[in-house]
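This briefing goes through one protein model for a reader who works with coordinates. The sequence and structure come first, and the notes follow by topic.

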Amino acid sequence: MPRNRRHHHSRQQSARRLALVVLAALVATATLAVTVTASARSGPSHHPPPRLQPGSQSAHATTQAVLNEIVAQGTPGVVAQVRDPHGVWDGRAGVRKLGSERPRSPHERFRIASVTKIFTATVLLKLEAEGKLSLDDSVAKWLPGVVRGNGYRPGHITVRHLLNHTSGIFDYNMDAGFRARYAGDEFDRNRYARWPPRALVDIALAHPPNFQPEHGSRPGRPGRWDYSDTNYVLAGMVVEKATGCTYAHAVERLVIRPLGLRGTSVPGTAPGLPSPHARHYSTLFEDGPQAKVRDVTEFSPTVAFSAGQMISTVGDVNTFLSSLLAGDLLPPAQQRQLLDAVPVDGDKGHGGPQDVYGLGLRHFKLAEGCWAWGHGGMIPGSATRTLGSADGRQVMTMNRNGDWGEQRLEDAAVASEFCRSAP
């Protein structure tokens, strides 16, 4: 789905305002409701953990202050969960539905957008471990005739190139005609349209490649890199070809069921969200303080397929990321490939130009000497960020049920958790 990079309302807010809010939080407990509990690091999120001692939430007061500021700048609501060796902290601000006073909840389901890519990459790595495929297989081997023409050389593009965004394949979400279908009033005319994965790929192939894969980044050597949702649509098609089953079945068999992720689903063609959920709101590429905010809770997830269609909760995403980084999901050989990262070219795809990208995981530089693995995701009505320490012992997932606002505030929230001891 087109990623909304428009930032409004927040442009009139200054960095000084956030600093004052954070300073106030350091001397006071967060004012909004916060639940603090403790649990095993990687236990399934539906197991209720015992509570920590009263007052433990003060360690997260800075984060809560940033959540408050995100809402003050216009986002309807935000929910976050942090899991570390001290326990689990749930923070929230704002509402789950405009016009109501009902707060957001850590149990809500929401569209995780491009965080789906971590699941897709994990499935392909597990299929390699089962001997079903190799990441060095070409796209032409698994999808003959799909990538073609306009200067593309599918025999030179590997599954690995898809997963680390070094294929050079154009991003279908950058096609002006496609984006126009979901801008403003056009969204309602197209929200239930069903897109076969190949139709999304064909939109991309109408454009020449951004570069050839041999010009892409390599581990330890800068080169070309371009974040492209087309890569992950093709990756999902490879999953289906290699397994003979649907993408949804593969994700459920290899990730969802083994981890007991009861709040996680692959919706396929279903346009709705399972309960409980917040309403999802978007400005649909309109800019400025007068931009109309629309309810976009329902739409066909086929528009994102294996690049961004999944639904989950903050707790489930934390369980998944913690288990993945801890090495509990993949054999050592595949774990090494997962984290074998290449330099990014620019800041496309949530993050900065000093980050590196593995297979579905980005290594974010949050501050000098402070790094964390994870991914960002934005789809109409929902913005998600998930991050974890290298050993998986500390994880954080947050979601906004509005797709506008500054990335700076998301960065401030995650940095407050991961960079306390950074120089």
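Predicted model: local features only at pLDDT ≥ 70, side-chain atom pairs only at ≥ 80, totals over all residues.

Residues are numbered from 1 along each chain as its sequence is written, and side-chain values use heavy atoms, with hydrogens and water left out.

**Overall make-up**

- The protein has 14 helices and 13 strands; helices (H or I, at least four residues) and strands (E, at least two) are DSSP runs, numbered from the N terminus.
- Of the 423 residues in the protein, 59% are buried; buried means under 20% relative accessible area, exposed over 50%, and partly exposed in between, with a 1.4 Å probe and protein chains only.
- Taking contacts (heavy atoms within 4.5 Å) between residues at least 6 apart in sequence, 71% join residues at least 24 apart.

**Strand pairing**

- Strand 9 (residues 356-357) and strand 10 (residues 362-367) run antiparallel and are joined by two bridges; two strands pair if DSSP finds at least two bridges between them.
- Tyr357 has Arg362 in strand 10 as its bridge partner.
- Four residues lie between the strands in the hairpin of strand 9 and strand 10, where Gly360 takes a positive phi near 80°.
- Strand 10 also pairs with strand 11 (residues 370-379), in the antiparallel sense and over five bridges.
- The bridge partner of Phe364 is Ala372 in strand 11.
- The hairpin of strand 10 and strand 11 has two residues between the strands, and Gly369 there takes a positive phi near 80°.

**Helix packing**

- Two packed helices are described by the angle between their axes and the distance between the axes.
- For helix 3 (residues 116-129) and helix 9 (residues 229-243), the angle is about 35° and the axes are 10 Å apart; axes are lines fitted to C-alpha atoms, for helices over the stretch in contact, and angles run from 0 to 180 degrees between N-to-C directions.
- The crossing of helix 3 past helix 9 is left-handed, a term for a near helix turned anticlockwise from the far one by less than a right angle.
- On the helix 3 side, the contact residues are Lys117, Thr120, Ala121, Val123, Leu124 and Leu127, and these meet Asp229, Tyr232, Ala235, Gly236, Val238, Val239 and Thr243 in helix 9.
- The residues of this contact divide into eight nonpolar, three polar and two charged; Ala, Val, Leu, Ile, Met, Phe, Trp, Tyr, Cys and Pro count as nonpolar, Asp, Glu, Lys and Arg as charged, and the others, Gly among them, as polar.

**Salt bridges**

- The structure holds 21 salt bridges, each a side-chain nitrogen of Lys or Arg within 4 Å of a carboxyl oxygen of Asp or Glu.
- One of them joins the side chains of Asp295 and Arg279, at 2.9 Å from N to O. Asp295 lies in strand 6 (residues 294-295) and Arg279 in the loop between helix 10 (247-259) and strand 5 (281-282), so the pair ties together parts that are 16 residues apart in sequence. Asp295 is partly exposed at 32% relative accessible area, and Arg279 is partly exposed at 28%.
- Glu368 and Lys365 form another, with 3.1 Å between N and O. Glu368 is exposed at 56% relative accessible area, whereas Lys365 is partly exposed at 23%.
- In the salt bridge of Arg385 with Glu410, the N to O distance is 3.2 Å. Because Arg385 lies in strand 12 (residues 382-388) and Glu410 in helix 14 (residues 407-418), the pair ties together parts that are 25 residues apart in sequence. Both Arg385 and Glu410 are buried.
- Arg385 and Glu410 belong to a network of salt bridges that also links Arg400 and Asp411.

**Backbone exceptions**

- Ser275 and Pro276 are joined by a cis peptide bond, with omega about -5°. Pro276 sits in the loop between helix 10 and strand 5.
- Asn150 is not a glycine, yet has a positive phi of about 55°. Asn150 is in the loop between helix 4 (139-142) and helix 5 (159-163), and is partly exposed at 39% relative accessible area.
- Leu284, also not a glycine, has a positive phi of about 50°. Leu284 is in the loop between strand 5 and strand 6, and is buried at 1% relative accessible area.
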